[in-house]
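Colleague: I've got the model open and would like to go through it with you. Shall we start with a term and then get to the helices?

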Amino acid sequence: MTHEHQEVGACGCDVKEGRKAIAVDPEIKASNLNRLRRIEGQIRGLQKMVEEDRYCPDIMVQISSVQEALRAVGRALMRNHLKHCAAEALGKGSREEAEAMYDELMELIYKHSR
């Protein structure tokens, strides 16, 4: 499909086939997938800790570790979104696309900072 026939969202991403990023660095993608696989293992470990009635503070420390790992994936995704999708909408998009991107970024920052 050529770019002229794609339905493009506020960020310049292809939305006709589902919302997709304009570009994703293969190294960042691989790193994120590795992190998510490790997180998946950590979650299974947490389930086992709960099943085995492990000491609550030990479980809570592991929960904090998982949360930080998820935040790291979120930061990497945010950086990619800013570098590609947002830069495209803000630099080359219409005024309406830029305003929509500002709104999207504000919402992302708010949700991600909680």
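Predicted model: local features only at pLDDT ≥ 70, side-chain atom pairs only at ≥ 80, totals over all residues.

Colleague: Is His81 buried or exposed?

Modeller: His81 lies in helix H2 (helices are DSSP runs of H or I, at least four residues, and strands are E runs of at least two, numbered from the N terminus). Its relative accessible area is 15%, so His81 is buried.

Colleague: And which side chain does His81 join in a polar contact?

Modeller: A polar contact is a pair of N or O atoms within 3.5 Å; within protein, one must be able to donate a hydrogen and the other to accept it, and residues adjacent in sequence count only if both atoms are side-chain atoms. For His81 the contact is 2.6 Å, and the partner is the side chain of Glu104.

Colleague: How do H2 and H3 run relative to each other, roughly parallel or roughly antiparallel?

Modeller: H2 covers residues 56-92 and H3 covers 95-112, with their axes 11 Å apart and an angle of about 170°. Axes are lines fitted to C-alpha atoms, for helices over the stretch in contact, and angles run from 0 to 180 degrees between N-to-C directions. Under 35 degrees counts as roughly parallel, over 145 as roughly antiparallel, 65 to 115 as roughly perpendicular and the rest as oblique. So H2 is, relative to H3, roughly antiparallel.

Colleague: Which residues does Asn80 touch, leaving out those up to four places away in sequence?

Modeller: Asn80 is in helix H2 and counts as buried, at 7% relative accessibility. With contact meaning heavy atoms within 4.5 Å, Asn80 touches Ala23, Val24, Asp25, Ile28 and Cys85.

Colleague: How many disulfides are there?

Modeller: Cys85 is buried, at 2% relative accessible area, whereas Cys56 counts as exposed at 52%. A disulfide takes a pair of cysteine sulfur atoms within 2.5 Å. Searching the whole structure for disulfides gives zero.

Colleague: What is phi of Asp53 near?

Modeller: Asp53 sits in the loop between helix H1 (26-51) and H2, and counts as exposed at 70% relative accessibility. Most residues other than glycine have a negative phi. For Asp53, phi is positive, near 55°.

Terms used: Residues numbered from 1 in each chain as written. Heavy atoms only, no water. Buried < 20%, exposed > 50% of the residue type's maximum accessible area, 1.4 Å probe, protein only.
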